[in-house]
Every structure is written in structure tokens, then in C-alpha cells.
Amino acid sequence: MAERQLHLGAILEGVGADHNSWLDPDLRGDASIDIGWYIEQARLAEAAKFDLVFIVDSPYITPDTAPHFLNRLEPLTLLSAIAASTSRIGLVGTLTTSYWEPYNVARQFGSLDHISRGRAGWNVVTTGLEGAARNYGREEHFDHKVRYGRAREFVEVVQGLWDSYEDDAFPRDRSQGLFLDKAKQHRLDHKGAHFAVAGPLALSRSRQGQPVIFQAGDSSEGRNLGAAIAEGTFAAAQDFESGRTYYADLKARAAALGRNPDLIKVLPGLVPTIAETDEEAQAIAAEAQASLSTEKLLVQIGRAFNYHDFSTYDLDAPFPDLSGVTLNSYKGQAERIIRVAAEDKLTLRQAAYRFGQWKSDFVGSPETIAAEIERWFVGRAADGFNLRVTRPRDFALFRERVVPILQARGLFRTEYAGDTLRSHLGLPVPENRHSRARQSPQQIAAE
Ligand SMILES: Cc1cc2nc3c(=O)[nH]c(=O)nc-3n(C[C@H](O)[C@H](O)[C@H](O)COP(=O)(O)O)c2cc1C
């Protein structure tokens, strides 16, 4: 088997998913809605040989939502524009299975996969925020369990639709007047608990067969979904130990389902603080910590509980009893906050500082950051990372100072070996299910 390789994604987050990044004078205030900003970052990530760019998304905001989320471009439209301006880097977009129809989604990501010549990926999410329901004609958000049941069936249908045509379905033989070999077009005729979809989809497969499936969701149900369908996960791990625990747990769940765990790439989010020296980086991190507003941190921690209002509680009393508050939102994260707050006897203020910001083990000089990345990779807490990209200086330091160290250590590529997302991630091209069904059992056994 080929040597295990580190993977890097760049989450393009414009003016930032936190409440402070937008204050950086080097960051354009309209970055989140400026296609020029996204294309520029994608090209820089491609020049640094990143595997992919990653676009997060969610269909609900409030006035307190963090700046990037308040005003941003829709992922598929955005990624199509990036596709036309890049040639190698993978393009992963987030789209919720709770408020779409599989036929639309199969068509959109299938199109992106053609537009990009085999570089598309879909990050499957079920959506945490309950308010999304009212943007789609529903009074109530789907229950957490229902969301995950729906997600499973949704992906099954989408993948079925992506196989509507076998790869040689279009002879386009002018002399015979034969455009389509009708035997190689397949209806899906799916009827399930949540969807009824006849098919076929009016779109053939791309050079990488099908878009790559990512997944983000941390509850037990979320992990089961990832173990069943994901080829990559966007993990929530914020420290080495929780990273290792998640990694082992997800891969064990996948193995129990008969899947090869090496074919699921675990990519936690990465928010490093990089400076010339460790001392300088520690000072920057300490200053950033001191400038955090408790009020904003309370909003962020509240987000896990469907924007529950924590401003009404005593900050220095023990973390409040939240029985009666909904866990139907970011359930995995909400349960973790409640559990850790009880175990570590945290006050609300301490919990807000622990969970209301993206904490990071990655503070130091480029050498320290690279060493920490290697520790997570070798220690099986990650197969790679999704770097959050906002401030220009931070991204430049990572590309220009950290990536070369990772390359010198043989952890990260110095050149792309292929030009599809699957080739970057070392994932096989999935065979068309109907072509496979035509093969004799002897042919399949010989593989
Ligand atoms: C690391 C991470 C990233 C996520 N990113 C998104 C996102 O971009 N958009 C979205 O609607 N939901 C996102 N989710 C939410 C999940 O899709 C899910 O709806 C929610 O967390 C509840 O599932 P859970 O309890 O399994 O975590 C993310 C979750 C995690 C853990």
C-alpha cells in the first residue's frame, strides 16, 4: 500500500467564523461576498499543493451570528467559479440533507464534478440550527434522529442517481446515428421512508466516478453516519487526546460495518497561531485571549444549544442546569459541553472560554506547528487538517513557512500526483454499480 500521506484543506471563511478576525486591517471587509477573494485564496492553496478548499454553510442566521456567516456566497455557485479559475485543487461544499431534495443535490454536485473535471466533494451535514426550518416552510426543525435517518437515505439516493449512466453509455456514433446506448441508462426507482425518486439523473459520471463524500457531525448518530458513508470527515477535535479518541472511534465504527477505515480521511479544523518564535506566538495567543468579549463567547457557546441565551445566568456560578433546553441542535457538541462542565466543575465563564472559541494546540514557530501536525498525524489523531483561512498573514505563514517543513519531512506532497480530488486523497474511483452487476462472479472474485 502507498505510504500514508498528510492531507490539507483550506476552509475559505472570508471575514471569519469568530467575532474578531474581521478587525484585521489586511482583510477586506467584503471578503465573504467577493468572488475575487475566494479565487485568490484557492489559487494560493493550489500553489501550496493543498488537497482541497472547503466551504462550510448553514441556512439560518441571527443578528448575533459571526461576521462571515452573516453575509456570504452560496457554496455551489462559489465553487463553480473557483473551478473555472483553478485546475488541480479539490472543491468541497457543504449542503444539508435536511432541507434539500436528493435529485437537486445529485445534479448540482454532479455538475460541479464535471465543471471541475473530477474535483468535487460534498460535505454532508444535517444542520444544527432549528431556525432553518422556518426558511423552508416548516414550523419545527426535524428531530435529531430523523435528520440522521433522512441523511442516510438522502446520500444513498444521490449516489444511486450518480450511477444513472454507465461510463460507456454514450457511443455518440454518428455513422450509426447512435447517441445513447439505452441499455446503459438506469432508473433508480427508489421508494424509501423519506424519499421517492424515479431517476435517471440527466448527467453522466465524471473522471473521478462520483464526487467524494465528506461528513460533519459529532454525536453518536453523526459518527455512525460518517462511518457508513464518509470518505472524509470534518472533525471537531480541538486537542490531541480528543482527536485520537474520535479517530479511533470513527474508524472502529467503519471497520465494524466492513469498510476499510483507511479510506476515510479524518480532517480536524486547524486554527494555528504562528510567529517567528514560540514566545512571540504565545504572546499573540495571550493577547487574542485577553481581547475576547465574554458576551460574544456566551453567544458562541449558546449556538450549540440553538442559540440559547446564556447572558441571563450568573457567570461565576457553576455551569447551569440545562434540563429543558433543547439538545436537538448541535447535539454532539452540546452533550460534550454539559459532560465536561460537570466533570471539570466549570463555572459558566470558564465554560464560555473553553467552548465559545476555537481552542488550539497549535501555537508557536513554524517548526513547532509542523511538529504538532506531525504528532497528530503519526499519533493517529488526524489524517490531515482543514485550515481555517481568514487573515492573509496567517495563511501566508502557513503556506510559506509550515508547508515547506512538512514537505521536507516527507509528510506532504511537493507536487500533485493527479488532478482529481480522489487522486489527491488516495481514494479509489467507485465502480458504476450497474457495470459491476454485469460482471461475472469470477471477474469480481479475481479483483
Ligand atoms: C466540525 C463540524 C462542522 C460542521 N459544519 C456544519 C456546517 O457547515 N453546516 C451545517 O449546517 N452544519 C454543520 N455541522 C452540524 C452537523 O451537520 C449537525 O447538524 C449538528 O452538529 C448536529 O449533529 P451532531 O449532534 O451529530 O454533531 C457541523 C458539525 C461539526 C461537528
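1. The ligand lies between domain 1 (7-164 + 194-276 + 359-435) and domain 2 (293-355), because both give residues to the shell around it; the bounds of these domains come from an automatic or database domain assignment. The model is a predicted one, in which local features need pLDDT of at least 70 and side-chain atom pairs count only at pLDDT 80 or more, while totals for chains, interfaces and linings use all residues. Residues are numbered from 1 along each chain as its sequence is written, and side-chain values use heavy atoms, with hydrogens and water left out.

2. Around the ligand there are 23 residues, of which Asp57, Thr126, Tyr148, Ser219 and Gly332 come nearest; a residue is counted here if one of its heavy atoms lies within 4 Å of the molecule. By class, this shell holds eight nonpolar, eleven polar and four charged residues, where Ala, Val, Leu, Ile, Met, Phe, Trp, Tyr, Cys and Pro count as nonpolar, Asp, Glu, Lys and Arg as charged, and the others, Gly among them, as polar.

3. A polar backbone atom of threonine 127 is 2.8 Å from an oxygen atom of the ligand, a polar side-chain atom of histidine 144 is 2.9 Å from an oxygen atom of the ligand, and for an N or O atom in the side chain of tyrosine 148 the distance to a ligand oxygen is 2.6 Å. The ligand taken alone exposes 600 Å², and the protein buries 91% of that, with accessible areas taken from the Shrake-Rupley method with a 1.4 Å probe, in which, for residues, only the protein chains shown count as cover.

4. Helix H5 (144-162), strand S8 (232-235) and helix H10 (331-343) are the elements that give two or more residues to the ligand shell, and the largest share, three residues, comes from H5. Helices (H or I, at least four residues) and strands (E, at least two) are DSSP runs, numbered from the N terminus.

5. The second largest pocket contains about 590 Å³ of space. A pocket is an open set of points, on a 1 Å grid over the protein atoms alone, with protein on both sides within 12 Å along at least five of seven lines, whereas a cavity is a set where a 1.4 Å probe fits but cannot get out; lining residues have an atom within 4 Å of a point. Grid points are joined across faces, edges and corners, and a volume is the space filled by probe spheres set on the points.

6. Of the 23 residues that line the second largest pocket, Asp239, Ser242, Arg336, Arg339 and Phe355 lie nearest its centre. H10 gives the most to this lining, with seven residues, and the lining draws at least three residues from each of domain 1 and domain 2. Its residues divide into six nonpolar, eight polar and nine charged.

7. Two cavities of 30 Å³ or more are found in a search of the whole structure. The largest has a volume of about 60 Å³, and its lining, which includes Trp162, Arg205 and Pro211, takes its largest share, three residues, from helix H4 (residues 102-115). The second largest cavity, of about 50 Å³, has among its lining residues Trp358, Phe362 and Trp376.

8. Two backbone features also deserve a look. The peptide bond from glycine 199 to proline 200 is cis, with omega near -5°, and proline 200 sits in the loop between strand S6 (196-197) and strand S7 (212-215). Aspartate 189, which is not a glycine, has a positive phi of about 50°.

Note on methods. A polar contact is a pair of N or O atoms within 3.5 Å; within protein, one must be able to donate a hydrogen and the other to accept it, and residues adjacent in sequence count only if both atoms are side-chain atoms.
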